[in-house]
Amino acid sequence: MKSKQSGVTLIGFLFIIIIVGFFAFMAMKLFPSYSEALGVSKAMNQIATAGTNGKSLDDIRRDLMFKLNFQYVDDATIKPTDITIKRDAGGASTLNVDYDKKIPFMYNIDFLLHFDKSVALQGNVAQ
């Protein structure tokens, strides 16, 4: 009695390993940037809940940059010009951080990630 063998051949197994390795390498390159974006979001929420009564845009930028250091956000990632405050007609203010991050992948292939996060501020922001 012969039984039929089934399974993956060596070439098929190597092909699967190459595909899994490629996606694992891609994930290792992208994960730090998304972890950094979570740190930015956390720092922005801390600034928003702390209150901004009487603070100017420069004060808020300084406070946010200080908090970003505790979240392991690289200084080269977010520049002070990427931090803006938008005011609507009702007088409510929104803190906005909008930045791009370029990640080298392999050879001449890069990933360009765009992050845009907004958080409503509590209190009045000085002009």
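**A guided tour of rings, charges and a cavity**

Tutor: Let's start at one spot: Tyr107 lies in the loop between strand 2 and strand 3, the latter covering residues 109–120. Keep in mind that this is a predicted model.

Student: Let's move on to charges. How many salt bridges does the structure hold?

Tutor: There are four. To read one, look for a side-chain nitrogen of Lys or Arg within 4 Å of a carboxyl oxygen of Asp or Glu.

Student: Which parts of the chain does the pair of Glu36 and Lys101 tie together?

Tutor: Glu36 belongs to helix 1 (residues 10–50) and Lys101 to strand 2 (residues 93–106), so this pair ties together parts that are 65 residues apart in sequence.

Student: Are Glu36 and Lys101 buried or exposed?

Tutor: Both Glu36 and Lys101 are buried.

Student: Where do Asp58 and Arg61 lie?

Tutor: Both of them are in helix 2 (residues 57–70), three residues apart, which is about one turn of the helix. Asp58 and Arg61 form a salt bridge, with 3.9 Å between the closest N and O atoms. Asp58 has a relative accessible area of 48% and is partly exposed, whereas Arg61, at 18%, counts as buried.

Student: Which residue does Arg62 meet in a salt bridge?

Tutor: The side chain of Arg62 meets that of Asp59, at 2.9 Å from N to O. Arg62 and Asp59 are both in helix 2 as well, three residues apart, or about one turn of the helix. Arg62 counts as exposed at 51% relative accessibility, while Asp59, at 28%, counts as partly exposed.

Student: What is the nearest side chain of opposite charge to Asp82?

Tutor: That is Lys79, 5.0 Å away. A salt bridge asks for a nitrogen and an oxygen within 4 Å, and Asp82 has no salt bridge, yet is buried. Asp82 sits in the loop between helix 2 and strand 1 (83–87).

Student: Which residues is Asp82 in contact with, leaving aside neighbours within four places in sequence?

Tutor: With those neighbours left out, Asp82 is in contact with Thr77, Asn96, Val97, Asp98 and Tyr99.

Student: Now the rings. How many aromatic pairs does a search of the whole structure find?

Tutor: The search finds seven. One of them joins Phe22 and Phe105: the centres are 5.7 Å apart, with 85 degrees between the planes, and the pair is edge-to-face. Phe22 is in helix 1 and Phe105 in strand 2, so the pair ties together parts that are 83 residues apart in sequence. Phe22 is partly exposed, with a relative accessible area of 36%, and Phe105 counts as buried at 8% relative accessibility.

Student: How do the rings of Phe25 and Phe105 sit: stacked, edge-to-face or tilted?

Tutor: Phe25 and Phe105 form a tilted pair, 5.4 Å centre to centre and with 40 degrees between the planes. Phe25 lies in helix 1 and Phe105 in strand 2, so this pair ties together parts that are 80 residues apart in sequence. Phe25 counts as partly exposed, at 31% relative accessibility.

Student: Which residues do ring pairs link into a cluster?

Tutor: The cluster is made up of Phe22, Phe23, Phe25, Phe105 and Phe111.

Student: Last topic! How can I tell where empty space is left?

Tutor: Rolling a probe the size of a water molecule over the atoms shows where empty space is left. In this structure there is one cavity of 30 Å³ or more.

Student: How much space lies in the largest cavity, and which residues line it?

Tutor: The largest cavity holds about 40 Å³ of space. Its lining is formed by Met65, Leu68, Asn69, Val73, Asp74, Asp75 and Ile78.

Definitions and conventions
Residues numbered from 1 in each chain as written. Predicted model: local features only at pLDDT ≥ 70, side-chain atom pairs only at ≥ 80, totals over all residues. Heavy atoms only, no water. Helix = DSSP H or I, 4+ residues; strand = E, 2+ residues; numbered from the N terminus. Buried < 20%, exposed > 50% of the residue type's maximum accessible area, 1.4 Å probe, protein only. Lys, Arg positive; Asp, Glu negative; His and termini not counted. Contact = heavy atoms within 4.5 Å. Phe/Tyr/Trp six-rings, centres within 6.5 Å; stacked < 30°, edge-to-face > 60°. 1 Å grid on protein atoms, 1.4 Å probe; cavity = no way out; pocket = protein on both sides within 12 Å on 5 of 7 lines; lining within 4 Å. Points joined across faces, edges and corners; volume = space filled by probe spheres on them.
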